[in-house]
Amino acid sequence: MRSLWIKGAVVIGIVILLLIPLNEFVKKSWAYNNNQGVLVFQNDPSSLDIINLGTSHAMFGYAFKPLGLSHLDLALPSQTIEYDLKMLKQYDEHLRPGGIVIVSLSQITFSNAEIGRKENYYQVLDREDIEPVSAFDYYTYASFPALHSGSVYTALSREVRDFRWASHEPWVNKGENYSKRKYEMVEAQYKRAVTNRDIEQNKARLQEIVAYCQSKGYRVVLAMEPVHASYNAYFNEAVMDRLVHQHLATLDLDVPFLNYMADERFVDEQEYFHNPDHLNGKGRALLSSLVYEDLKRLGYL
Amino acid sequence: MTFISIEFLLFVALLVAMYYVVPHRFRWVLLLAASYLFYATLSIQFIPLLLVSTAFTYVTGILIERQDEKRQKKRLMVMGVFVLVMFLGWFKYFNFVNDSLRAMAGLMGWNYDIPYQDIVLPLAISFYTFQAISYLVDLYRGKLKAERHYGYFSIYFAFFPQLVAGPIERAKKLLPQFKAEQRFDYEHVSYGMKRIAWGFFKKTLIADRLAPMVATVFSRPDPTGSEIVLGTMLFSIQLYADFSACSDIAIGTARLFGIKLTENFRQPHFAVSIADFWNRWHISLSTWLRDYIFIPLCKGKKKRHQIYVAIIITFLISGIWHGAAWSFVLWGLIHGIYRVFGDATKHHREQLASFVRLDRTPELHKWINIATTFQLVSFSRVFFVSDSVAQAFHHARLYVTPSSWAPTGMLHALELFSLLDFVVFLFFFTAVHVFQYIERTKGSAWDWLAGRSTLANVAIQLFVIVSVLVFGVSSEGFIYGGF
């Protein structure tokens with residue numbers, strides 16, 4: 001009996017000692033901090049000119065502060081349109097009357113039914129807004145993320161992201177491999193979405209976002225971020241019609257749609273991209289300035 | 001609250017502490033409350049069904065025992081089993097039967113207008129229904145006495161460690177253990193904790209690490225043959241790791257309370273034949289099917305072909321128990337055919353082995369048998385993992401196409417996965433095999449471990465816990481939890 005307690009105490013003690021640096025490691029990771037912009041805003045809110053929603057495509061897509069606009073980026077990786085609405089409702093009280101809401105559309109807008117990492121939302125949404133989440137997870141994530149299954153590994157994966165098959169490098173084969181893999185993933189997700197009737201639900205939610213914004217007097221614009229030519233070859237017009245545009249057309253939304261997906265200012269310029277479907281800093285600056293000009297043209301600014 | 005959560009570990013720790021403090025006569029209340037609470041956190045809406053099934057089986061059991069005549073006992077037993085099967089049938093098989101009838105009516109040009117019903121499958125119904133059936137049948141057979149204590153009986157029905165995915169226990173084994181006063185035993189608690197940790201290890205480092213890889217293959221619009229071969233073999237490993245981890249956690253948790261549950265696995269992927277496989281895989285279900293389906297079907301039958309028919313029927317029931325879909329029925333049929341073919345050709349295969357002198361190298365012969373059995377089992381799992389019969393046949397055809405096995409294609413298929421994920425999986429898969437090797441050569445790895453120094457024990461425990469914390473990933477639930 002005594003030896004059980006001693007052994008247990010030794011094992012628990014060592015595990016706790018190991019957890020301390022692991023915890024710090026996770027806290028510094030990209031995945032843990034990718035909602036940092038929202039957290040900073042939470043602590044120091046201000047009146048906003050523009051909000052953008054969306055997935056990682058939008059997260060890497062917009063930076064309006066250098067253009068003099070007060071901007072809050074509410075996009076997170078694999079964010080569903082359901083969570084777009086939740087994020088908007090949580091933070092729109094700071095949007096000035098007549099402010100702009102950019103609703104980013106991507107290849108997965110209508111098929112995506114599962115958020116990437118639930119943990120991203122623990123500190124930025126109310127608990128009841130997050131799909132079933134345990135009290136332990138919700139209340140410990142901020143201080144002890146290492147206790148959460150997969151968190152350490154996610155952080156570690158990011159640190160050793162160069163350890164991958166040569167064929168998985170984003171620009172190998174001029175981005176063709178990366179784009180093909182993404183295409184297959186999106187196709188599989190779309191197939192599931194058709195079976196599970198997710199598309200109808202996502203369409204209804206997009207409609208809800210637009211109606212909500214209009215009821216609040218915000219100006220809504222739909223936008224699609226640019227992709228590289230290799231990506232555009234897979235997600236060509238016919239594919240995008242099937243994945244997105246046919247569904248969008250049935251909604252008959254009376255809002256402008258800024259579609260930069262195959263924009264020739266980007267499509268052949270690898271220098272603007274981090275990988276074939278995500279912009280880098282330079283690309284982000286260019287896209288933001290283009291959107292800014294288009295918003296001015298629309299009379300939104 | 002799922003098994004793979006800190007809440008579950010805290011829940012169990014608190015419960016164990018209370019269990020050994022509370023006087024024995026009140027422990028059933030604690031276990032029963034904990035079991036219902038556990039079930040409620042997973043599926044509160046089906047608590048009434050669990051309560052009704054429990055009460056129905058309890059009353060039927062007493063009524064069976066009260067009958068003097070064998071015929072009356074049988075009539076009540078059959079009625080009881082029928083009602084339990086109807087509960088299961090409504091929730092699990094209504095839409096399967098309905099869809100099948102609709103498809104058949106469509107083919108025959110009949111008018112069939114019963115619509116699809118939105119029925120949710122109650123958690124654990126397949127498991128507790130089988131336990132209830134075994135209780136009623138054993139009572140009828142006079143193998144046990146009807147349990148009069150409603151509290152103990154209810155725990156037998158809902159004991160939380162094994163409620164969700166087994167092992168499927170018999171009342172004769174479990175009830176006396178609940179009634180016996182369990183004293184705090186260092187060996188039990190230590191063993192239970194190690195078993196739970198090992199379950200976490202297999203689930204988070206093997207099963208859930210493989211899950212997205214397997215899903216990647218089977219969700220692809222047009223997978224190659226090599227991808228299907230690789231994906232199916234990985235699915236076999238995933239399924240074993242997932243289900244055996246669930247059993248490990250169940251057995252470990254029960255042992256913390258001094259309760260010994262049935263071992264559900266004995267390294268099934270090292271089976272030397274299909275018959276051997278079914279002695280090692282989901283043992284509690286295999287023995288249940290043997291005792292309550294196969295043996296009654298064989299009663300009075302002596303001819304070989306009659307036994308073969310009983311085997312096929314037993315495996316078809318096994319298939320349909322797993323899931324309400326024709327792909328599961330086909331999976332069961334394939335195993336039935338394997339089993340019959342294995343028995344019918346046993347003599348010829350032995351002659352062939354002798355002819356090619358394999359019998360002179362028994363070790364090589366054994367490993368050829370293991371590899372063949374694994375491949376047969378993996379092939380059948382194409383039907384287990386595919387979404388539809390059409391897809392299953394397409395995948396099965398790819399699986400048996402020789403070009404699918406080309407090494408270059410297999411290496412290319414590996415690139416579907418993240419290199420880091422694959423390397424991490426390989427490392428921990430090797431660790432599991434070291435454990436299994438010790439099991440095979442030393443008898444019990446747990447006993448072997450107990451014989452090592454304290455330092456070695458602590459180091460191994462740290463390896464397991466830290467590996468789970470750093471490299472573990474977890475999806476929701478267990479595959480067999482869905483059955």
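Trainee: In this predicted model, which residues of α4(B) do Ser53(B), Phe56(B), Thr57(B), Thr60(B), Leu63(B) and Ile64(B) in α3(B) meet?

Mentor: An α-helix has 3.6 residues a turn, so residues three or four places apart point the same way. By class, the contact of α3(B) with α4(B) has eight nonpolar, four polar and one charged residue. The partners in α4(B) are Lys73(B), Leu76(B), Met77(B), Gly80(B), Val83(B), Leu84(B) and Phe87(B).

Trainee: How do the directions of α3(B) and α4(B) relate?

Mentor: Helix α3 of chain B covers residues 47-66, and helix α4 of chain B covers residues 70-108. Their axes come within 9 Å and cross at roughly 170 degrees. Angles over 145 degrees count as roughly antiparallel. The crossing therefore makes α3(B) and α4(B) roughly antiparallel.

Trainee: What does the radius of gyration of chain B say about how compact the chain is?

Mentor: Chain B is built with 21 helices and zero strands. The globule rule gives 23 Å for 483 residues, and the radius of gyration of chain B, 24 Å, is close to that, so chain B is as compact as a globular protein of that length.

Trainee: What share of the contacts in chain B with a separation of 6 or more comes from residues 24 or more positions apart?

Mentor: Two residues are in contact if their C-beta atoms lie within 7 Å. Among the contacts in chain B with a separation of 6 or more, the share from residues 24 or more positions apart is 73%.

Trainee: Which element gives the most to the side of domain 1 of chain B that touches domain 2 of chain B?

Mentor: The domain assignment places 6-109 + 116-183 of chain B in domain 1 and 188-482 in domain 2. Their contact takes 22 residues from domain 1 of chain B and 23 residues from domain 2 of chain B. On the domain 1 side, α1, α4, α5 (125-140) and α7 (160-163) of chain B give two or more residues. With five residues, the element that gives the most is α5(B).

Trainee: Which helix gives the most to the side of chain B that touches chain A?

Mentor: The contact between the chains takes 26 residues from chain B and 28 residues from chain A. On the chain B side, α1 (6-21), α9 (186-218), α19 (419-442) and α21 (454-471) each supply at least two residues. That side divides into 14 nonpolar, nine polar and three charged residues. With nine residues, the helix that gives the most is α21(B).

How values were computed
Residues are numbered from 1 along each chain as its sequence is written. Chains are lettered from A and ligands numbered from 1 in the order in which they are written. This is a predicted model: local features need pLDDT of at least 70, side-chain atom pairs count only at pLDDT 80 or more; totals for chains, interfaces and linings use all residues. Helices (H or I, at least four residues) and strands (E, at least two) are DSSP runs, numbered from the N terminus. Ala, Val, Leu, Ile, Met, Phe, Trp, Tyr, Cys and Pro count as nonpolar, Asp, Glu, Lys and Arg as charged, and the others, Gly among them, as polar. Axes are lines fitted to C-alpha atoms, for helices over the stretch in contact, and angles run from 0 to 180 degrees between N-to-C directions. Angles under 35 degrees count as roughly parallel, over 145 as roughly antiparallel, 65 to 115 as roughly perpendicular and the rest as oblique. The radius of gyration is taken over C-alpha atoms; the globule rule is 2.2 Å times the number of residues to the power 0.38. Domain bounds come from an automatic or database domain assignment.
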